[in-house]
Amino acid sequence: KMTQQMRDLQLAQARKPPGPSSPNAAKRLYRNLSGKFRVNYTSFDEGSLAGRGEKEKLRKSYLFQSNAALFEAVELQDLDRVQELLKQYSPEELDLNTPNSEGLLPLDIAIMTNNAPIARALLQAGAKESPHFVSLESRSLHLSTLVREAEQRVNELTAQVVNEAPNADCSDKEKQLKAWEWRYRLYKRMKAGFEHARVPDAPTNVHLSVASSSSVQVTFWEPLSVNSAIVTKYKVEWSCSPTFSPLLGEAVIDKLKNLHFTIQGLVSGTAYYVRVSAYNMKGWGPPKASVPSFAIPSNWREYDGRAPRRRGQAEALDHLLGQVKTVHQHCVCHEPCKNQPQSRKHSVSKSLKHLFHPGSKFLKTLKRGLYLTAIFYKDDNILVTHEDQIPVVEIDDTYSCLLMQDFLWFTKVSCMWDEILWLRQCVTVSQSSCSCILQTRFKMLLAISQMQGLLGIQDLGQVFFEPVKDKQGNILIVTLKEVKTNQTFESVRWVPICKLQTSRKSVSSPEEPTALDMLLNSVQDKLAYHQRSSHALSPGLYLGYLKLCSAVDQIRVLVPEQLPNILCHVKIRSNPNISREEWEWLQKMASMEEPVPAEPEAETSQNHLFQELQVAIKELMTLVNIPLQEAKDFRLYSQEVLDFGDQVSFLLLLPPSDDVCTAPGQNNPYTPRSGFLTLPLQIFELGEER
């Protein structure tokens, strides 16, 4: 079949004028022909394309060219071009796992020419080996056939070139001869690569850990040997017997981006043995048993039968809120609350001219009081009013000292932006007590409603952890929200942040900047804080450092600037689960008056945790600038593991009891390096929940 295709190509080439010659003519000719070698002409006849549109034909032709380009790049061992194509097209668009007319896939060519970098790139993109190679004999026979046909074609073309007089046809045949000579050498190299290859060695660093009370996880690395062929898949086997007889199950891993596998559906309290073996084109290599040799599915809660701390709490709070709403709706004094003016001056009738010119209700200047400002940003742009001001509304023009309790109450309200109308109604009902606190909080709710109405959006974002204050008595509560879609707002427009800062500097006073000036000067820092506070930790077990400091009206907690919603921490390992055996060992260590530095038995999960904790503690002490010799007085919090969902958990490292919380006026002998800040504890708790 392939020989007949080459003859058809020879006739087609004879009708074309000869191309320019060059030292790289053979490679260029091969590039021109390589795609055609793979064409199945019967699928491109006029009948099959009759009902298709021109656009569909062009698309298929374009994708076919990309497939041919990938084969060409692999055969020419052009790693950069292969990576470019894999990035530009999906595996489906490249037909990554569809054999060509020679029955080969790009991955086959890469592994049989022993090109490890290209093979790894293809494997990570999801490439597979050709399904035609069902055995070693079939692969060997297929390669021998390709070599023999290519050699035969080279001999035929050589005879034709030698016997014919020089002309245009002879020039084309010389090009075909060079292309077939190149292909003949490629097939011989592939055949030699297959014949000299051997089965792979066993994988290395096969580590077994307990993933949950019904699963275990095995991680491993590639075999160390560089002489065997490239590994294309792995096999994980598990059993309740150390001899692996009988086997309970096995799984083949052919997606090699991450070399790990979680065995699900196991019985808690039962020991499971696991081993891993590697596969290449010569077959399966020897298995490697895991370290430790077995694992028992369990969770630290099984040690004392403890239930999850937050089980049912969210549902209970939702139920309680629903009950409160139900009672409030049946209250006799309940009436829908309308927007009320904040002062009498706003009720003055407007001129007829003003009625035809929509005016902004956002404030332009601050006049000693409490205000709310909302910062919406997208990339390097920020939302401003038509007067190029950040949206600001007044909360209370007689309130010159924001109490921490009021500010913390406002941050809790930010978790219920959609419930502001209902909250206003609740506070209105309770206003008969004439409480100053209630009046202030009612004004806060009014300001929120006004901001939501002016912007035409309910969600005002996250409250910045501290208000902005100036010497004139102005206080700004700041909310931050990143806009990632083309959202529509009312009465505002987008302006570059740098442009807004430049225009503001021209009218501000550097000696006594207002709260708005201070906000604009630090807006990048606040946006960075907001973005970082929404980042999530990657799955794993972490060691956290709890350090508090108290003031007159609040307690603050030390956090890293890069991740302010999490305690100072380092990662212990990627597996977040603490097994029952590991927790039991930690309890024994915590109960000792003088912990013995002896290590647990080798090749056990406790020994691995012991080694991981040693590394993590050293790293954490360096991070928070505490001398390592002081760590002997620190202790692990042994009451529980802090679970944040199913993927992240924390062990806490605590300073000595007297140093957990630094009192006002007390000196902290070990000040953390730059890169840390202290948040009010309630703000930190809210950020943690988000």
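Predicted model: local features only at pLDDT ≥ 70, side-chain atom pairs only at ≥ 80, totals over all residues.
Figure 1. Helices (H or I, at least four residues) and strands (E, at least two) are DSSP runs, numbered from the N terminus. Of the 690 residues, 44% are buried, meaning under 20% relative accessible area with a 1.4 Å probe. Where contacts (heavy atoms within 4.5 Å) link residues at least 6 apart in sequence, 73% of them join residues at least 24 apart.

**Figure 2. Helix α12 (residues 404-413) packs against helix α14 (residues 436-455).** Their axes, lines fitted to C-alpha atoms over the stretch in contact, lie 11 Å apart at an angle of about 40 degrees. Look for Q405, D406, W409, F410 and V413 of α12 meeting I437, T440, R441, M444, L445 and I448 of α14. This contact counts seven nonpolar, two polar and two charged residues.

**Figure 3. Helix α5 (residues 79-88) meets helix α7 (residues 116-124).** Here the axes come within 10 Å and cross at roughly 5 degrees, which makes α5 roughly parallel to α7. From α5 come L79, V82 and L86, and from α7 come P117, I118, A121 and L122. The contact has seven nonpolar, no polar and no charged residues.

**Notes.** Residues are numbered from 1 along each chain as its sequence is written, and side-chain values use heavy atoms, without hydrogens and water. Local features need pLDDT of at least 70, side-chain atom pairs count only at pLDDT 80 or more, and totals for chains, interfaces and linings use all residues.

Definitions and conventions:
Buried < 20%, exposed > 50% of the residue type's maximum accessible area, 1.4 Å probe, protein only. Axes fitted to C-alpha atoms, helices over the stretch in contact; angles between N-to-C directions. Nonpolar A, V, L, I, M, F, W, Y, C, P; charged D, E, K, R; others polar. Parallel < 35°, antiparallel > 145°, perpendicular 65-115°, else oblique.
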